[in-house]
Amino acid sequence: MEIGLRLAVSLAQIAAVMGVVMLTVMVLTLAERKVLGWMQDRMGPMEVGPYGVLQPIADGLKLFFKEDIIPAGANKFLFTLAPILALVPAMIGFAVIPFGPSMTIELFGMQIKPFVISDINIGILYILAFASIGAYGIILGGWSSNSKYSLLGGLRSAAQVISYELCVGLAIVGVILLSGSLSLVKITEAQAGGFWNWFIIAMPFPQIFAFVVYVISAVAETNRVPFDLPEAESELVAGFFTEYSGMRFAFFFIAEYANMILVSCVAAALFLGGWNAPYPGTILGHIGLDSIAWMENVVWFAAKVYFFLFLFFWLRATLPRLRYDQLMRFGWKVMLPIALGNIVLTAIAAYFFPR
Amino acid sequence: MNVAITAQPKRKSSFSDWLKTLTFYELLIGMKATLKHLLNYKPITLQYPHEKRLLPDNYRGMLALLRYDDGTEKCVGCDLCEAACPSRVIRVVSGEVPGEPTKRYSKEYYMDMTRCLFCGLCVDACPVDALGMTREFEWAVYDKRQLHLNKQQLLAIGDRSYPVREKRLELQHPNVAFFNVTFKHLPQKEN
């Protein structure tokens, strides 16, 4: 009974988070095209619904009813597995993201944390591990398609994701040193009490360099412009998902956007204080509305995440694609030394000025 | 002339350059440009099927065969358009007008519009001004063969695009015929 109830509550939480993430993906597909259009003096989609707001639904319906093609000579098992391998790790990472204040509520005699599905004490490590598995989806999808473009896209993706995973991991170490925990909930709580406590500018050692390294690596890891070599339209047709169609293609597509949201959530939680407002406490809490103060926190978290998502679009509208050797040189010769130096300096600072 | 060759000033990597690289200065300039376009958003897009561009006066659209106002075809089957066409769009089968051995007309007239490049050379070549370029351009079809037009179709396009038509040349007043600039290849008619 007890375990059944707990399972039901967990499933409800998972469904809620999945729903919000899928909804955000839908919004993002439209927002990206609109923002990109506006930045390029275009209008973006305008046909479906007023100002094209129903475009994601039309896209989804189209993809759902498209023919599902498995090319001749493709490895059927891996070809089927790859989109799942891409999507599941992207979605599963949200399990440890704290979307709001870490309060507990009593429900059916159980302690429930409403804003985080599971507060495991290695949260950030868990996200990194699953992000690496996501690369398998791309690589296997590229290999199993039996197409030269897909294979080249997969190869590029393998090299790129391995290089930039490293930078992401090392950039995060500084934050972990300062907060002393791998749990995203604890990391976020350590940044409470105003924007000067956010790890991006927090004493004893501001993680601004780590933040820049993390953001650039996150863009590279999600295969977005200017690091979109795995799916370079002008070179590789569509890269690793050239041969995919219908819902399998949609899986890759959703995985890309879900990954964007995930890295934005992690960036917000690690460097920009997560759900903490940039001032101590919450306004709603100060005027005596403690019971709904969590709304303000959730709004702040959403605002930070959407800032990063906007940054993704902004970069896409502005920057041209990097060459492959530039990408590798930048990753290994610039980002990696900066991240390593940041760890050394943060460690020294954290040793002499413990928080 | 003796020009002193001055050495190109050597590009030194100064401190400011280093600082610019470190702070992503060039990237920020680009991002400022895109953000500026986002903030004062003035789209240059025309929502095509709903709003259409004003076509220029000399727009060269779909080709058409024309008639005189009494309904007779202008075409005399001379094949000059076929000869003038650079992409061999036109095929004319010429024949005598029955009972009038001095007059000819085009028995069959085909245009393969899949190949047409709308240069207007056939219109220029026509001695009797039997060909015209309309302002139609929405000719997307599902079957390529629908673009292989015969004489009836071409005449129909001409009928709907040129509702006002001139009289036959021999019915016109000689002065009108003389000043009618559209008949630029015709010799002045004796009367």
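Okay, hi everyone. Keep in mind that what you see above is a predicted model.

The largest nonpolar core has 94 residues. Which of them touch the most other members? Those are A:Y214, A:A258, A:A267 and A:F271. And if you're wondering which helix gives the most to this core, it's α9 of chain A, residues 246-271, with 18 residues.

Let's zoom in on A:A267. Leaving out residues up to four places away in sequence, A:A267 touches A:Y214, A:V215, A:A218, A:L272 and A:F308. There's also a second, separate core, and that one has 21 residues, including B:L65, B:C81, B:I90 and B:L154.

Is A:N259 buried or exposed? Count the C-beta neighbours inside 10 Å: there are 23, and the cut-off for buried is 20 or more, so A:N259 counts as buried. Again skipping residues up to four places away in sequence, A:N259 touches A:A90, A:G134 and A:T222. As for A:A350, that residue is 91 residues from A:N259 along the chain, and their C-alpha atoms are separated by 31 Å.

Now over to chain B and its sheet. A quick reminder: strands of a sheet pair through backbone hydrogen bonds, and they can be parallel or antiparallel. Here we have an open sheet of three strands in the order β2-β3-β5, with antiparallel pairing. Why do β2 and β5 of chain B each have one side without a neighbour in the sheet? Well, β2 (90-97) and β5 (148-149) stand at the edges, so each has a single partner strand.

Look at strand β3 of chain B, residues 100-112: two bridges join it to β5(B), and the two run antiparallel. You can find B:D112 standing opposite B:H148 in β5(B). Then there's helix α5 of chain B, residues 151-161, which lies across β3 and β5 of chain B. The helix runs at about 90° to β3(B).

Last stop, the place where the chains meet. Eleven residues of chain A are in contact with 13 residues of chain B. On the chain A side, α1 (2-39) and α11 (293-318) each supply at least two residues. What kinds of residues does chain A bring to that side? Eight are nonpolar, one is polar and two are charged.

Methods. Residues numbered from 1 in each chain as written. Chains lettered and ligands numbered in written order. Predicted model: local features only at pLDDT ≥ 70, side-chain atom pairs only at ≥ 80, totals over all residues. Core = buried A, V, L, I, M, F, W, Y, C linked by C-beta atoms within 7 Å. Buried ≥ 20, exposed ≤ 12 C-beta atoms within 10 Å, placed from the backbone. Helix = DSSP H or I, 4+ residues; strand = E, 2+ residues; numbered from the N terminus. Contact = placed C-beta atoms within 7 Å. Pairing = 2+ DSSP bridges. Axes fitted to C-alpha atoms, helices over the stretch in contact; angles between N-to-C directions. Nonpolar A, V, L, I, M, F, W, Y, C, P; charged D, E, K, R; others polar.
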